[in-house]
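Visitor: I have a model open and would like a walk through it. Can we start with the terms and then go to the details?

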Amino acid sequence: DLKHKTMRRMEGHKLINEGTLTGIQVKDWKITTVKTNILKSDELEQWMTDLKHKTMPEMVFGNNNVKLSHEQTGFTLELNTFDAFKAMDHDTKQTTKVAYSEEWIQSKQSTLEKESVAKDVFNYDWTYTSNYKGTVSFAGDSTVPTIEKTTEKIDVDRLKRPDPILYYSELVLYEDELADNGTSQLSIKMRVMPTCFFILMRLWIRIDGVLFRVIDNRFFHPFEKDYVIREYSHREGSYKSITQMMSPDAQKFNDPNLIGPLLKLVETQTEKIYIQKK
């Protein structure tokens, strides 16, 4: 109605709704989300060929993505499934042993060669751990955005303010139940307020009887600044030590918000990603 349209205009933003693509135009930013179905079997096979992966998660939302484009500078931050798979280290030797390795092998037998499995079951990371930190670029330009380490932190107090949320979205890029032995899920939550945006991209891994792992990338941009803050953290801990700290409620064991703070910090890094060419 007229009142609603007037409010939108006053707040200086325009919502986008084009089927599977939704988003918002606010300040100089066009921010969009695509949410759609999992890849079909032939698409999945093509991805496996292109990526040289031996197996893929049960659910691959290959066309899901978040894209943030700064219309004045051409700076683009994108979070997408294909690039997340490219950031997996399948040749890692620091692999995760699992209490149910035989069951896991059998569940993937159709896509694994028995011979190579016999030599080394875990010669690649079957937990689908990705060190993906997002894809940044300038539209139509080979210039690489400047990224610098920083001691500046995300303004948590600002995020706690009761500012109106102009646009909110959450989606999954991929998910696997690790043959009913746990969970591996890469998901994104994003909210856009009148003065800033905040994104959490989280990889949550639970391997029953073995370990918990949480890898977070938080992106924060106050619209008055010329950079996006990216805060990366990798936490993990043994299943036994963490579950002993908690009441025996299996539901809680699948809640990264409860488990995450109990895990040991393995690595953290905070960076500024500049949206202007330097």
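Guide: A cavity, on a 1 Å grid over the protein atoms alone, is a set of points where a 1.4 Å probe fits but cannot get out. A pocket is an open set with protein on both sides within 12 Å along at least five of seven lines, and lining residues have an atom within 4 Å of a point. Grid points are joined across faces, edges and corners, and a volume is the space filled by probe spheres set on the points.

Visitor: And what kind of model is it?

Guide: This is a predicted model, where local features need pLDDT of at least 70 and side-chain atom pairs count only at pLDDT 80 or more, while totals for chains, interfaces and linings use all residues. Residues are numbered from 1 along each chain as its sequence is written, and side-chain values use heavy atoms, with hydrogens and water left out.

Visitor: How many cavities of 30 Å³ or more does the structure hold?

Guide: The structure holds 2 of them.

Visitor: Which residues line the second largest cavity?

Guide: The lining consists of S130, Y132, L186, M201, L203, I215, D216 and N217. Strands β11 (196–207) and β12 (211–222) each supply at least two of the lining residues; helices (H or I, at least four residues) and strands (E, at least two) are DSSP runs, numbered from the N terminus. The largest share, 3 residues, is from β12.

Visitor: How does that lining divide into nonpolar, polar and charged?

Guide: There are 5 nonpolar, 2 polar and 1 charged. Ala, Val, Leu, Ile, Met, Phe, Trp, Tyr, Cys and Pro count as nonpolar, Asp, Glu, Lys and Arg as charged, and the others, Gly among them, as polar.

Visitor: Next, the largest pocket. What is its volume?

Guide: About 420 Å³. Its lining has 21 residues, and Q185, S187, W204, N254 and P256 lie nearest the centre. By class, 6 are nonpolar, 6 polar and 9 charged.

Visitor: Which element gives the largest share of that lining?

Guide: β10, with 6 residues. At least two residues each come from β9 (167–176), β10 (182–192), β11 and α8 (256–259).

Visitor: How many bridges join β9 to β10?

Guide: 9 bridges, and the two strands run antiparallel. Strands pair if DSSP finds at least two bridges between them. Y168 has R191 in β10 as its bridge partner. The two strands form a hairpin with 5 residues between them, and in the turn L178 has a positive phi of about 50 degrees. β9 is also joined to β4 by 2 bridges, again antiparallel, with V60 partnered by Y174 in β9.

Visitor: Which residues of β7 are on the covered face?

Guide: V136 and F138 are on the covered face, while T135 and S137 are on the uncovered one. In a regular strand the side chains alternate between the two faces of the sheet.

Visitor: On to loops. Where is K27 found?

Guide: K27 is in the loop between β2 and β3 (29–34). Its phi is near 50 degrees, a positive value in a residue other than glycine. K27 has a relative accessible area of 55% and so is exposed; exposed means over 50%, buried under 20% and partly exposed in between (1.4 Å probe, protein chains only).

Visitor: And K52?

Guide: K52 lies in the loop between α2 (41–51) and β4 (59–60). Its phi is also positive, near 60 degrees, and K52 is exposed at 71% relative accessible area.

Visitor: Last one: is D208 buried or exposed?

Guide: D208 counts as buried, because its relative accessibility is 19%. Its place is the loop between β11 and β12. The D208 side chain makes a polar contact with the side chain of R206 at 2.7 Å. A polar contact is a pair of N or O atoms within 3.5 Å; within protein, one must be able to donate a hydrogen and the other to accept it, and residues adjacent in sequence count only if both atoms are side-chain atoms.
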